[in-house]
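Thanks for coming, everyone. I'll keep this brief.

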Amino acid sequence: QRIIIGNVSKWIPPDQRDDASSHKWMVYVRGGKEHADIRHIVEKVRFELHPSYQPHHIIEITESPFQLSRRGWGEFGLTVSLFWRNVRDKMVSVVHNLKLDKTYTGLQTLGA
């Protein structure tokens, strides 16, 4: 089955910011359009964020949808680890490069 790792982001206008974060973003792991729900093969997903998110920089999602939303100001590579339901399948880790909205429209945009 095809598995997609991606992200969406939205620019936050300066007058609506609570802190230095310029964007809201969400990273996700899902199947293709025909079979988006992957809970039957994925047990959990671990997201390892930039160290600036410490102490909350390693997050495990154990239920579908496998996604994580945060606020931030910069792009970075985050490690996404997939743990399979079949214990004989080896865990897979990939680095996803988080991309932020560069249009500054405030509309949600698709990252990488």
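R46 is partly exposed, at 22% relative accessibility. Keep in mind that this is a predicted model. R46 forms a salt bridge with E60, and their closest N and O atoms are 2.7 Å apart. Where do the two residues sit? R46 is in strand β3, residues 42-48, and E60 is in strand β4, residues 58-61, so the pair ties together parts 14 residues apart in sequence. E60 is partly exposed too, with a relative accessible area of 37%. There is also a network here: salt bridges with shared partners join K44, R46 and E60.

How many salt bridges are there? The count comes to five. One of them pairs R71 with D18, with the closest N and O atoms 3.9 Å apart. That pair links distant parts of the chain: R71 is in strand β5, D18 is in the loop between β1 and β2, and they are 53 residues apart. D18 is exposed, at 67%. R71 is partly exposed, at 28%. Another salt bridge joins R39 and D37, at 2.6 Å between the closest N and O atoms.

Now the sheet. Four strands form an open sheet, ordered β5-β2-β1-β8, with antiparallel pairing. The edges are β5 and β8, each pairing on one side only. Nine bridges join β1 to β2. Take V8: its bridge partner in β2 is M26.

Last stop, H23, in strand β2. Is H23 buried or exposed? Its relative accessible area is 4%, under the 20% cut-off, so H23 is buried. Its side chain makes a polar contact with the side chain of S22, at 2.8 Å.

Definitions and conventions:
Residues are numbered from 1 along each chain as its sequence is written. This is a predicted model: local features need pLDDT of at least 70, side-chain atom pairs count only at pLDDT 80 or more; totals for chains, interfaces and linings use all residues. Side-chain values use heavy atoms; hydrogens and water are left out. Helices (H or I, at least four residues) and strands (E, at least two) are DSSP runs, numbered from the N terminus. Buried means under 20% relative accessible area, exposed over 50%, partly exposed in between (1.4 Å probe, protein chains only). A polar contact is a pair of N or O atoms within 3.5 Å; within protein, one must be able to donate a hydrogen and the other to accept it, and residues adjacent in sequence count only if both atoms are side-chain atoms. Two strands pair if DSSP finds at least two bridges between them. A salt bridge is a side-chain nitrogen of Lys or Arg within 4 Å of a carboxyl oxygen of Asp or Glu.
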